[in-house]
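Try each task before reading its solution.

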Amino acid sequence: MARTPIYLMGLLLLCFLVASTEAEYVKYKDPKQPLNVRIEDLMSRMTLEEKIGQMVQIDRSVASADVMKKYLIGSVLSGGGSVPAKEASAKTWINMVNEFQKGSLSTRLGIPMIYGIDAVHGHNNVYKATIFPHNIGIGATREPELVQRIGAATALEVRATGIPYVFAPCLAVTKLVKLMIAIGITDYFLTEVVSCLTTLPVQVCRDPRWGRCYESYSEDPKIVQGMTEIVPGLQGDIPTKSANGVPFVAGREKVAACAKHYVGDGGTTKGINENNTVIDRHGLLSTHMPGYYNSIIKGVASIMISYSSWNGIKMHANRDLVTGFLKNTLRFRGFVITDWQGIDKITTPPHANYSYSIEAGIQAGIDMVMVPYNYTEFIDGLTSQVKNKIIPMSRIDDAVKRILRVKFVMGLFENPLADFRLVNQLGSQEHRELAREAVRKSLVLLKNGESADKPLLPLPKKASKILVAGSHADNLGYQCGGWTIEWQGLSGNNLTKGTTILTAIKNTVDPKTEVVYKKNPDAHYVKSNKFDYAIVVVGEHPYAEGAGDSLNLTIPDPGPSTFTNVCGAVKCVVVIISGRPVVIQPYITFMDALVAAWLPGTEGQGVADVLFGDYGFSGKLPRTWFRTVDQLPMNAGDPHYDPLFPLGFGLTTNPTK
């Protein structure tokens with residue numbers, strides 16, 4: 001039998017290896033290839049099943065590596081309070097996210113999933129994370145540079161848990177004409193909005209009765225314009241020559257952001273959550289749309305749709321505004337995502353006609369659907385509608401291209417698995433100092449003594465005995481507010497790590513000063529104990545959307561009786577913890593000093609820093625403070641504007657030398 005020469009066998013083996021290597025090379029896995037080439041190459045290889053899987057986002061509670069692989073799921077999220085374990089560490093979060101990711105990477109094409117989470121005032125779902133003041137307080141600081149640093153710190157803490165995508169920020173408005181020209185809009189819409197800018201105040205939350213007002217920075221468009229710097233804080237500064245509308249994420253220490261909620265959710269009748277915003281197109285574009293122009297210019301990766309309706313049309317089904325305006329006119333190239341069970345709520349009651357909801361939502365231009373539980377029903381329904389030509393394949397392709405674009409841009413294909421290198425960023429001392437700075441600068445001094453000549457603040461650190469009173473003085477959950485560990489927030493001091501205002505006061509006063517804490521003392525107790533002065537800390541209980549809607553905006557009992565009893569017996573400063581202006585006019589004469597502290601978060605030491613004069617008061621009201629709820633809605637510039645304290649009001653003090 002003839003023998004094959006050894007050199008010939010080697011040559012054949014070499015040829016096989018070369019051919020095998022060439023066969024394994026695919027353009028979409030090559031980061032050196034242009035973005036659009038990678039997208040098109042991957043799209044050409046995908047089946048309908050794989051494409052629809054990319055459009056699905058499920059909650060972590062129903063996710064597993066097997067589910068990711070079997071159903072080709074494109075995204076997972078943590079809803080409010082959805083965590084891998086109570087008080088889970090950063091490493092526990094990373095291990096969970098990586099486990100899901102391994103399921104995705106084991107699929108035929110190995111497309112990585114993207115994990116998302118709400119991070120609206122820091123990494124707020126996670127134990128021991130730094131909780132920053134809610135946006136209403138940040139708006140009071142008037143410091144865009146500060147909000148960019150907060151965005152960068154938040155990105156690091158989110159990445160510390162292995163998560164690359166956040167459902168934030170809630171962005172308000174900005175200067176309109178310059179941004180629209182930058183995008184390239186010079187047609188009817190530009191003319192329409194310019195004419196409107198000259199007459200209307202521009203804001204998102206037009207009525208503080210809405211339970212999400214604390215997510216808005218201000219009613220002043222100039223203030224909000226500056227605060228949109230949180231986008232580059234989260235994502236990184238977009239390159240100078242970047243194409244308009246194309247998303248950008250700067251690397252593994254940044255996260256993909258999500259501007260929300262598109263559009264008009266803060267203008268609903270009487271501030272009722274998920275309700276109807278009644279306004280003409282002219283007003284919608286000038287009052288509620290501008291924040292999205294700014295986000296797109298800065299490369300925001302995704303935009304979330306609002307539950308609310310515009311003139312009776314559900315935003316999740318509004319093709320004119322989602323596809324027509326957002327995608328076509330503004331040329332947004334990231335992906336559009338629903339809110340939690342958003343397409344279910346297209347019908348009343350929710351989920352009454354799910355087949356219709358799928359068709360209406362996807363045809364409107366939604367790209368990713370936050371299901372979050374019944375994903376097989378959605379997958380089956382959408383697959384059927386595509387196969388029966390109810391929804392065209394072109395609509396599916398548009399959605400998947402947008403999702404893949406974000407995944408490629410953020411480097412998810414190159415670095416799909418998280419490591420432990422950033423775990424020490426979670427709740428770091430540097431970030432807590434930043435949050436403490438933000439608290440100091442967010443405080444608004446509304447009253448200080450009988451007159452400017454007789455101020456009560458700053459308080460002396462040396463005193464014989466002082467009283468601290470009120471339900472919010474020693475309650476970390478109350479001072480953090482909603483969207484902290486749980487969706488609607490919590491009460492108490494065991495929810496996470498932080499410093500209550502009472503603890504901060506004890507840390508600040510002279511060691512010889514006796515600090516007495518009594519939550520709700522009566523007037524006799526106060527008078528009989530001969531206190532030098534009192535600090536009363538009261539306010540709203542934690543809430544998020546829905547539960548936070550209020551038609552009366554009163555401070556819950558026993559708050560009013562507490563500061564009435566205390567302030568009627570001794571000199572006092574009242575600190576209000578709230579996510580919005582509340583009713584205080586009937587009581588303000590009893591108070592010697594009054595401070596709006598908003599929802600300061602975990603770093604209560606920032607409150608004491610200013611009360612005792614280590615730093616001066618500098619915050620300015622980000623919202624109008626009404627006299628009575630009968631005046632609402634009332635915003636700066638309205639003909640009937642007659643506030644207790646106007647937008648921008650805020651007394652100042654100097655640091656104690």
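**Exercise 1.** Which side chain does a polar contact of 2.9 Å join to the side chain of R580?

Solution. This is a predicted model, in which local features need pLDDT of at least 70, side-chain atom pairs count only at pLDDT 80 or more, and totals for chains, interfaces and linings use all residues. Residues are numbered from 1 along each chain as its sequence is written, and side-chain values use heavy atoms, with hydrogens and water left out.

- Step 1. Apply the rule: a polar contact is a pair of N or O atoms within 3.5 Å; within protein, one must be able to donate a hydrogen and the other to accept it, and residues adjacent in sequence count only if both atoms are side-chain atoms.
- Step 2. The partner at 2.9 Å is the side chain of E540.
- Step 3. The side chain of Y543 also joins that of R580, at 3.2 Å.

**Exercise 2.** Is R580 buried or exposed?

Solution. 

- Step 1. Buried means under 20% relative accessible area, exposed over 50%, and partly exposed in between (1.4 Å probe, protein chains only).
- Step 2. R580 has a relative accessible area of 2%, so R580 is buried.
- Step 3. Contact means heavy atoms within 4.5 Å. Setting aside neighbours within four places in sequence, R580 has contacts that include I136, W210, E540, Y543 and W598.

**Exercise 3.** Which cysteines form disulfides?

Solution. 

- Step 1. A disulfide is a pair of cysteine sulfur atoms within 2.5 Å. The count comes to two.
- Step 2. C205 pairs with C213, with sulfur atoms 1.6 Å apart. Both cysteines are buried.
- Step 3. C567 pairs with C572, with sulfur atoms 1.9 Å apart. Both C567 and C572 are buried.
- Step 4. Check the handedness of the C567 and C572 disulfide: the torsion about its S-S bond is about 100 degrees, so this disulfide is right-handed.

**Exercise 4.** Which residues touch the most other members of the largest nonpolar core?

Solution. 

- Step 1. A nonpolar core is a set of buried Ala, Val, Leu, Ile, Met, Phe, Trp, Tyr and Cys residues joined through side-chain atoms within 4.5 Å.
- Step 2. The largest core has 118 residues, and Y262, F378 and L382 touch the most other members.
- Step 3. Leaving out neighbours within four places in sequence, L382 has contacts that include I52, M55 and I396.
- Step 4. A second, separate core has 68 residues, among them I466, A504, V573 and V575.
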